[in-house]
Amino acid sequence: MKNFPLPRIDNDEKLRELLIPYCRFKRGDVWIDPLGRHKIGCLDAAEDNLSEKLTGGEKSSVAIQDPPYNFVAFEEKDPVNFINWCRRWVETTNICLAENSSFYIWLGADQNNHFQPLADFIIMMRDFGFDSRSFITMRNQRGYGTQKNWMSVRQELLYYTKGQPVFNIEAEYTDIPKILNGYYKTINGQKTKNFERSKSEFIRAGNVWVDIQQVFYRMEENVNGCYAQKPLKCIDRIILSGSNKDDIVLDSFAHSGATLLSAETLGRRCFTSDLDPVFCEITLRRLENYRATGKPGWQNSNPFEEEIIQDKKLKDYLSANYGIEVPVKEEPAVL
Ligand SMILES: C[S@@+](CC[C@H](N)C(=O)[O-])C[C@H]1O[C@@H](n2cnc3c(N)ncnc32)[C@H](O)[C@@H]1O
């Protein structure tokens with residue numbers, strides 16, 4: 001169905017209330033995949049014992065955590081409280097990680113407030129036994145527009161490891177063709193060109209990722225109602241580089257279920273959770289929809305489209321508050 005969006009669910013209490021009856025989760029519930037691959041829990045990443053309630057002691061090869069950043073969305077915590085909260089979910093993540101594993105964390109830096117919480121978070125991480133490996137920047141194709149400052153187009157991704165995890169180098173190559181042909185280096189007295197010394201025709205992502213499009217409504221993977229969806233392409237890169245087939249990937253801030261979907265398509269298992277039953281439901285629906293149709297999202301429709309059509313209260317609410325109308329179904333032409 002086309003042109004059937006859903007507004008941000010997280011900051012509209014009334015809309016959440018209307019959607020809750022359609023959610024199969026309540027706090028503490030864990031969905032177990034009948035195909036034996038994944039699990040989705042409605043759990044608090046900082047308060048619940050994920051190892052007991054979600055993973056059942058099975059260890060993950062890679063964790064990809066994308067918490068609320070303490071600005072933009074969610075209630076803002078005092079930075080000290082935010083870091084104490086982070087410490088709790090990092091501890092839980094650590095317990096779930098295998099001896100040889102990778103740990104990725106997406107985190108922002110508020111440039112109008114001393115770049116918090118990024119710097120504080122990095123310092124807090126010194127207290128754990130992880131090795132720091134890389135500080136990746138992903139370029140957002142669209143930033144928050146500003147006329148008075150450098151436009152903000154970056155997302156920060158911290159990469160830590162434990163032990164000696166796999167790092168599959170193939171995942172580091174982008175689909176950007178290598179166009180530089182310049183003489184770069186002399187080897188055994190011979191000037192060699194860039195492409196002669198390289199393993200691939202494509203450039204490597206390195207730790208600045210410029211080839212990833214931020215999700216927007218025209219993309220098939222778009223999940224309307226979510227406000228912080230990560231593109232599958234960046235999650236694929238992390239999972240491919242840091243795990244092998246059938247390994248477990250952990251994500252305790254599921255939201256749109258991007259990590260789960262990426263794990264499904266790449267033949268990995270995923271244990272994921274979110275505190276909010278609505279985002280747990282969206283995560284599950286995204287997987288079910290993918291398994292049924294092969295589609296990674298709803299493009300410009302939404303995960304609750306069928307219920308909204310049937311539910312007058314929901315329909316009226318969306319129409320009155322957001323001007324969203326149920327699109328008229330196109331009937332096949334009668335010849
Ligand atoms: C930034 S979003 C994650 C986006 C996700 N990576 C994606 O691509 O869709 C953060 C999510 O964390 C969830 N959340 C917030 N506090 C939480 C907590 N204490 N435990 C678990 N989830 C929490 C929110 O409901 C939200 O869905």
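Analyst: Start with H255, which lies in the loop between β14 and α6 (258-265); helices (H or I, at least four residues) and strands (E, at least two) are DSSP runs, numbered from the N terminus. H255 isn't a glycine, yet its phi is positive, about 55 degrees. This is a predicted model, so local features need pLDDT of at least 70, side-chain atom pairs count only at pLDDT 80 or more, and totals for chains, interfaces and linings use all residues. Residues are numbered from 1 along each chain as its sequence is written.

User: Is H255 buried or exposed?

Analyst: H255 counts as buried because it has 24 C-beta neighbours inside 10 Å. The cut-offs: buried is 20 or more other C-beta atoms within 10 Å of its own, exposed is 12 or fewer, partly exposed is in between, with C-beta atoms placed from the backbone.

User: And what about D246, what's its phi?

Analyst: Phi of D246 is near 70 degrees, positive in a non-glycine residue. D246 sits in the loop between α5 (232-242) and β14 (248-251), and it is exposed, with 10 other C-beta atoms within 10 Å.

User: Last one, which peptide bond is cis?

Analyst: The one from Q116 to P117, with omega near 5 degrees. P117 is in strand β6 (residues 116-117).
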